[in-house]
Amino acid sequence: SGERIFFRREAIPGQLLFVIGDLEKEIVTHHVHIVRYGGEQWQNYVNFRDYLHAFPQKAQGYDELKVRLASLYADDRKSYTAGKETMIERLLREAAAWRTRTE
């Protein structure tokens, strides 16, 4: 198989991105983000994960959006990612407020 690990970039300062897949066939199977433990991005990932676990209806809404965007933009990763931004930003704000109330 032509599957390999590629370092993509530091698109967000302090966050490294690796992808696993066959880039010649334009097939990416995994995205691996590396962030500083305890930093803002790390906290965002943890809050997002925990919030979606605590509120399955929020996770379902996010999943439905991703499925819809994947069908609309099957060959356009940038548009797929851009289509998620508004919901992710809202969920991150909700997750941060939720985390504050639960601590």
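Start by selecting D50 and R49: the two form a salt bridge, with their closest N and O atoms 2.8 Å apart. Keep in mind as you click around that this is a predicted model. R49 has a relative accessibility of 46%, so this residue counts as partly exposed.

Is R99 buried or exposed? R99 counts as buried, because its relative accessibility is 15% and the cut-off for buried is under 20%. Show R49, D50 and R99 together and you have a network of salt bridges.

Next, stay on α3 and pick E94 and R90. They form a salt bridge too, with 3.1 Å between the closest N and O atoms. Both residues belong to helix α3 and are four residues apart, which is about one turn of the helix. R90 comes out at 32% relative accessibility and so counts as partly exposed. How many salt bridges turn up in a search of the whole structure? The count is four.

Time to look at the nonpolar side chains. Select F48, Y51, L52, Y62, L65, L69, Y80, M87, L91, A95 and W98: these eleven residues make up the largest nonpolar core. Helices α1 (40-54), α2 (56-72) and α3 (77-102) each put in at least two residues. Which helix gives the most to this core? That is α3, with five residues.

Zoom in on Y62, one of the core residues. Skipping its neighbours within four places in sequence, Y62 has contacts with F48, L52, K84, M87, I88 and L91.

Y62 also leads you to the packing of two helices, so hide everything except α1 and α2. Their axes are 5 Å apart and the helices pack at an angle of about 110°. The two helices are therefore roughly perpendicular to each other. To see what makes the contact, show F48, Y51, L52, H53 and A54 on the α1 side, then P56, K58, A59 and Y62 on the α2 side.

For one place to look, click I20, whose bridge partner in β3 is H30. Then follow the hairpin of β2 and β3, where four residues lie between the strands. Which residue here takes a positive phi? Pick E26, with a phi near 55°.

Last stop: V35, in strand β3, which runs over residues 27-35. Leaving out residues up to four places away in sequence, V35 touches G14, Q15, Q41, W42 and Y45.

How values were computed. Residues numbered from 1 in each chain as written. Predicted model: local features only at pLDDT ≥ 70, side-chain atom pairs only at ≥ 80, totals over all residues. Heavy atoms only, no water. Contact = heavy atoms within 4.5 Å. Core = buried A, V, L, I, M, F, W, Y, C linked by side-chain atoms within 4.5 Å. Buried < 20%, exposed > 50% of the residue type's maximum accessible area, 1.4 Å probe, protein only. Salt bridge = Lys/Arg side-chain N within 4 Å of Asp/Glu carboxyl O. Pairing = 2+ DSSP bridges. Axes fitted to C-alpha atoms, helices over the stretch in contact; angles between N-to-C directions. Parallel < 35°, antiparallel > 145°, perpendicular 65-115°, else oblique.
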